[in-house]
Amino acid sequence: MKRLIYDYLVVRFGEIALKGKNKKSFVIKLENDIRHKLSRFSRLEIRRHFDDIEIRLNGDDQDQVLSVLRRIFGIQNISPAIKVENTVDAMCEGALRIVNEENGIRTFKIEARRKNKQFSVHSDELNRRLGASVLKNCPEVRVDVHHPDLTLRVEVGYRETRIYGHEYDGAGGLPVGSSGKVLLLLSGGIDSPVAGYLLARRGATIEAIHFQSPPYTSDRAKQKVVDLSRRLQSFGGTVRLHLVPFTKTQLAIRDAVPEDYRITIMRRMMFRIAEKQAAATGSLALATGESLGQVASQTLESMNTINSVTNLPVLRPLVTMDKLEIARLAKSIDTYDISIRPYEDCCTIFLPRAPRTRPDPIHAGRFERALPVDKLVEDAAHHIETLTFDGSQEDIFSNLL
């Protein structure tokens, strides 16, 4: 299909349009994200309007720009467009140009509307006149108002008219960074990256925390999480990954805690460390990839016992989803193949044979008295390594915090 006929891409908002007095701040965030994501295209001109964001291509590849835009949260849809003068003759010529150069068009319809109510020809009359022009000059096509191959949308403005071709769906949601910061407990598994994706789609800035247990976990297990973080970053914003040395804590739990409570205590320690890191990073909530009842540590009783050690909200966007639903979504966002690499994380290595499915918070607290909880938390937090992924050619690998 030919693409050179279009001069512009017009980006439209979804939920952002309903934000009332806060709309402008959401649109500015979206514009900044678009500019960042499209920075490698040197010829583009980007202009923000009240109802949309207009991108003039100036010869840059339309398909490549579209591919980037369709992954940016906050965009409802994108339409390639041309601009013509505010005359019916110019509109007829523009409509014919699109129909003639788009391959495979057998049916069409016209949808005209006047943003400029001073334009003398009403929308219904424009539909008739433009449709008649296409039918007269393109005898191989016909009108189909229900299921057309092409809907030509004609928008009469105050200075010029836009004519749109095919419409492409965007990623929806809200611009990344518009809903605050969340610290995601990111394992190397299938679930937590999907949770991160869904939170980013709702406008959250994602910081990730991963617990590693060398030498029981390998550098390849770490690389999985690095690749998953890069993948999450590709949907917008900057993602910082905090790598926590967890071996000392897990060995202490193994030596002091009954086997059936080890996974519960381990998760409680993770939440304590994550809460401390959330305070250091300005994160307002923790998030996990837990799904209700999926494994022993994801019963309501377990969640309650584990949650009791933190005062932060714990977001679980996958809580009602089953494994097949989560896997399908992971495949659609290209995290699945990374997650199934055969390198185990710290939870898998130290998994007890028969974990307690309904742990009691009072019993958990009693078992923790055998542990130097505060010291373990402080020591792990002191040795966190942070990696920053911002979509640049070389991501930033920070010093130890």
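**Close-up 1. Two cysteines, C92 and C138, and the gap between their sulfurs.** The sulfur of C92 has its closest cysteine sulfur in C138, 11 Å away, which is too far for a bond. C92 counts as buried at 13% relative accessibility, and C138 counts as buried at 1%. Here, buried means under 20% relative accessible area, exposed means over 50%, and partly exposed lies in between (1.4 Å probe, protein chains only).

A word on what you are looking at: this is a predicted model, in which local features need pLDDT of at least 70 and side-chain atom pairs count only at pLDDT 80 or more, while totals for chains, interfaces and linings use all residues. Residues are numbered from 1 along each chain as its sequence is written, and side-chain values use heavy atoms, with hydrogens and water left out.

**Close-up 2. R202 and E15 meet in a salt bridge.** Side chains of opposite charge can pair when their charged atoms come close. A salt bridge is a side-chain nitrogen of Lys or Arg within 4 Å of a carboxyl oxygen of Asp or Glu; for R202 and E15 the N to O distance is 2.6 Å. This pair links distant parts of the chain, 187 residues apart: R202 sits in the loop between α5 (191-201) and β11 (205-212), and E15 in the loop between β1 (8-13) and α1 (23-37). Helices (H or I, at least four residues) and strands (E, at least two) are DSSP runs, numbered from the N terminus. R202 is partly exposed at 38% relative accessibility, and E15 is partly exposed at 30%.

**Close-up 3. R43 pairs with D60.** The closest N and O atoms of this salt bridge are 3.4 Å apart. R43 lies in the loop between α1 and β2 (45-48) and D60 in the loop between β3 (52-56) and α2 (62-69), so the pair ties together parts that are 17 residues apart in sequence. R43 counts as partly exposed at 43% relative accessibility, whereas D60 counts as buried at 12%.

**Close-up 4. A salt-bridge network.** Look here for D52, E54, K83, R113, E155, E160 and R162, which salt bridges link into a network. Across the whole structure, a search finds 32 salt bridges.

How values were computed: A disulfide is a pair of cysteine sulfur atoms within 2.5 Å.
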